[in-house]
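Dear colleague,

Please find below the structure that I am handing over to you.

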Amino acid sequence: MRSTMTAVLLVAATLLAVVTSRKSLGHDPAGYVYQHHTVAHPYMNSGMDIPHWRIGGSTLVTDSYIRLTPDRQSRRGYLWNSRPYKLLATQVPEDEGSMSDFQLDISFHVHGQGVRLYGDGFAVWYTKESEEMGPVFGNRDKFTGLGIFFDTYSNVQQGHQQYISVMIGDGEQAYDHDVDGGDAKIAGCPLRFRSRSDEVPYHARIIYQDKILRMHLDLNTGNWHECFVVRRVHLPPGYHFGVTAATGDLADNHDIISFKVSEPVEMDPEEKKELMDRIHEDEVLEQKNPDQLLHKGQDIQYENPDAEGSWFWVGVVVVVLIAATFGGLFVYSKSQQKASRFNF
Ligand SMILES: [Ca+2]
């Protein structure tokens with residue numbers, strides 16, 4: 001099992017990212033919505049339960065959102081779909097594409113009182129295991145399947161560099177928080193998905209179709225921005241959808257407004273052609289470097305305030321280096337002058 005999953009991981013390939021944005025196609029899925037795997041307002045239509053979903057930890061359901069963690073330290077909360085995806089053969093006709101294809105639309109709102117201090121983030125799951133609390137954004141470690149991490153705190157940089165990353169777990173590989181996932185990540189993007197408390201929710205669309213996994217976000221700009229595309233991803237039917245969140249020393253409200261699973265629709269011809277061209281380019285690159293089966297995509301660099309900050313520090317370093325070089329040359333020429341005085 002281990003060797004099979006490792007082989008699957010090794011051939012998962014992240015396409016080189018391009019900065020694309022598509023006009024918003026709306027936030028409602030265009031395909032058939034699987035109600036048993038969907039949670040949307042009103043959440044509780046009978047008693048205190050959400051049909052087909054389980055909550056745990058700090059999760060609190062209100063009329064307008066499902067709060068996985070409040071803006072308080074050291075909390076963990078989950079929302080898990082109790083029904084495995086498409087495990088029942090009668091649920092979906094066999095001719096509806098691959099048995100485990102899906103589109104997942106999530107509306108979320110990450111916010112809190114902290115202006116400079118907030119964390120840790122939330123994660124979206126499609127995994128074999130479910131309802132087990134643990135250290136990976138509130139979920140257990142060493143999961144089997146898909147994890148997408150909306151990380152508000154960079155442990156590597158010790159600062160608030162918001163980053164979304166994806167990992168395919170084999171049940172043995174750990175998620176290392178100290179390095180924000182490290183080499184276990186197969187793709188990601190530096191999008192700022194946290195918003196103010198008075199802002200409306202943001203939207204993520206994750207599509208798994210024909211072994212290609214892609215994610216777009218609409219941060220209320222009216223456009224969908226690509227976060228990543230990974231091909232050769234193998235996710236079987238029968239796993240569970242879930243979303244979890246955690247706070248530690250730093251805290252935030254992690255709210256889920258809706259979580260909708262639907263049948264992915266055919267891509268529009270233009271989008272499909274662009275994707276096929278990128279896959280072709282990727283295959284050509286792969287043939288040139290047959291030893292490097294896993295090549296990570298370059299992150300998309302969006303304009304954001306952090307980028308300005310980074311360029312400022314790059315500028316400072318360049319100025320210091322130039323000053324040090326000229327300073328060094330000056331000292332060197334002076335010492336040469338001194339030496340020459342004593343040499344003749
Ligand atoms: Ca982190």
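In the protein chain, residues 24 or more positions apart account for 71% of the contacts with a separation of 6 or more. Please note that the model is a predicted one. The chain contains 3 helices and 17 strands, and 37% of its 344 residues are buried.

I turn next to one of the sheets. An open sheet is formed by 7 strands, with antiparallel pairing, in the order β3-β6-β16-β8-β10-β11-β12. Its edges are β3 (53-57) and β12 (187-189); each has a single partner strand, so one side of each is left without a neighbour in the sheet. On average, and with direction ignored, neighbouring strands of this sheet are turned by 15° against each other.

Within this sheet, strand β6 (residues 76-81) and strand β16 (residues 240-246) run antiparallel and are joined by 5 bridges. Leu-79 has Val-243 in β16 as its bridge partner.

As general background, nonpolar side chains tend to be buried together in soluble globular proteins.

Which residues does Ile-148 touch, not counting residues up to four places away in sequence? They are Ala-123, Val-124, Ile-164, Val-166, Ile-206 and Met-215.

With kind regards

Notes:
Residues numbered from 1 in each chain as written. Predicted model: local features only at pLDDT ≥ 70, side-chain atom pairs only at ≥ 80, totals over all residues. Helix = DSSP H or I, 4+ residues; strand = E, 2+ residues; numbered from the N terminus. Buried ≥ 20, exposed ≤ 12 C-beta atoms within 10 Å, placed from the backbone. Contact = placed C-beta atoms within 7 Å. Pairing = 2+ DSSP bridges. Axes fitted to C-alpha atoms, helices over the stretch in contact; angles between N-to-C directions.
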